[in-house]
Amino acid sequence: MTPHPTDDRTDSNHDPAQDPATATRELTDDFDPRAPETFTSAHELYREMRAHCPVAHSEGFDGGFWALFRHSDVNRVLRDVDTFTTSVQNTVPKFAFTGRRPPLHLDPPEHTAYRRVINRFFTPTKMRALHPTVRELAVEQLTPLIEAGAGDISVDYAQKFPALVFAEFFNLPRELSTRIKEISAAYVAAIIAVDDETVKQLSGKLYAIAQDVIDQRRAEPMDPEADLTTALTQATYEGEPLPPDMVLGCVRQLLVTGMVAPSVFIGNMFVHLSRDPELQTTLRENPDRIPAAVEEFLRLYGPYRGMARTAREDVVFNGRLIKAGEPIALVYTSANRDERVFPDGESFVFDRPNLSEHISFGAGVHSCPGAPLARMMLTTTLEEALARTDDFAVTGEIVMAKWAEWGTNSVPMRFVPAGGGARGA
Ligand code: HEM
């Protein structure tokens, strides 16, 4: 990172930092999104960026992009849908266009039609009904690792469990959901590698699967209150059915979004608890504290940093001019530790008074509809893992995901099953 002339500690919502007439316009290499990372290195860099270069530019990913590191700036973009659109590109790096996929690729009011249908599937009643199955799946997937005393919590659990939960949530056969997960993982890897040909090919496979699911539901509809695909095929907006290509895009998007984030997130909680055995013991002895811990983990380890928007007009952030049409990455991973909003933001703190301001699930119209299911999956995982062990710890090299995700791809661990083995054995 090179210090930038506009370095200061002012809040970027204050003038004159927002005055286009005085805004600066250098396109520098402020940071490298592809620098190799450890479990802590990105957050160390982002602390520096928040302090000294909160509105950064990178020449990376073909054509460059802007990145916002402070909570107030990310929040400003999320709340202003008139100025910042998701329809041009919703990630940095931009990937090959294979179709518009609601809800993420649409702005209001078009976006609203899809969210109305989707939101109905994440109500407390729906979540209560799904909970026992989610718990069974967590136990089923954790037990072999714990009984063996060792395993990779990312590879052997976090990359499998979300697909099985999604199968239940979306009424898909397990094998199909697992196949979708494998294709999605390769698809995300191709986006990260900016490999457009592979992106197109894998996106095509996901579209074909989405179309099959829709065809089946049109041929044999399920209860539209119990099946999201059926609900989308039967939904109307302002008296008209939703267009078939948009229903296809929506199902295609849901297939991927539901599985990606939990896969890189779950391992982070286990790394944290391995490094903080006192907290591990506290949660084992007080399982009622696990939901609060999960919420703080969500703040600390937000898995997205390359979700993007495009400004429809020139905008100024902290004295730097971003022109209409230029991509802007929202670094949620940094915003959630912004010390201006979360005092001692790098540390785990129980029951922060303003924890609800974390934006791991985004904010505004595109905020994650799947948050209740995600929270249930994460909480249930920790409840079962802690109840079934006396101790666990990381034993090998942690492999990190790459921008645009943040989180773990591999976490080798040992587990001491409950009631057996000494701590540290
Ligand atoms: C730890 C787990 C998860 C995290 C951290 C997460 C995070 C997010 C974030 C940050 C966004 C907003 C993206 C943006 O601002 O551009 C989002 C959107 C979305 N998420 Fe999640 N998500 C998770 C799990 C899920 C699950 C389990 C589902 C569905 C089963 C899901 C479905 C969606 C959908 C459909 C959108 C698009 C919403 C819209 O555009 O209106 N997510 N998620």
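Helix α10 gives the most residues to the shell around the ligand, contributing 6. The model is predicted, and the mean pLDDT of the protein chain is 92.

**Ligand shell**
- Of the 24 residues around the ligand, those that come nearest are Gly 258, Ala 261, Gly 362, Cys 368 and Gly 370.
- Two or more residues of the shell come from each of α10 (244-275) and α14 (371-387).
- Sorted by class, the shell around the ligand holds 16 nonpolar residues, 7 polar residues and 1 charged residue.

**Packing of α4 and α6**
- Helix α4 spans residues 124-148 and helix α6 spans residues 161-170; they pack at an angle of about 150 degrees, with 10 Å between their axes.
- Because angles over 145 degrees count as roughly antiparallel, α4 is roughly antiparallel to α6.
- The two helices, α4 and α6, cross in a right-handed sense.
- On the α4 side, the contact is made by Leu 130, Thr 133, Val 134, Leu 137, Ala 138 and Gln 141.
- On the α6 side, the contributors are Phe 161, Leu 164, Val 165, Glu 168 and Phe 169.
- The residues of this contact between α4 and α6 comprise 8 nonpolar, 2 polar and 1 charged.

**Confidence**
- A pLDDT of 70 or more is reached by 95% of the residues of the protein chain.
- Residues 1-14 have a pLDDT below 50.

How values were computed
Residues numbered from 1 in each chain as written. Predicted model: local features only at pLDDT ≥ 70, side-chain atom pairs only at ≥ 80, totals over all residues. Near = placed C-beta within 6 Å. Helix = DSSP H or I, 4+ residues; strand = E, 2+ residues; numbered from the N terminus. Nonpolar A, V, L, I, M, F, W, Y, C, P; charged D, E, K, R; others polar. Axes fitted to C-alpha atoms, helices over the stretch in contact; angles between N-to-C directions. Parallel < 35°, antiparallel > 145°, perpendicular 65-115°, else oblique. Left-handed = near helix turned anticlockwise from the far one by under 90°. Contact = placed C-beta atoms within 7 Å. pLDDT = per-residue confidence, 0-100.
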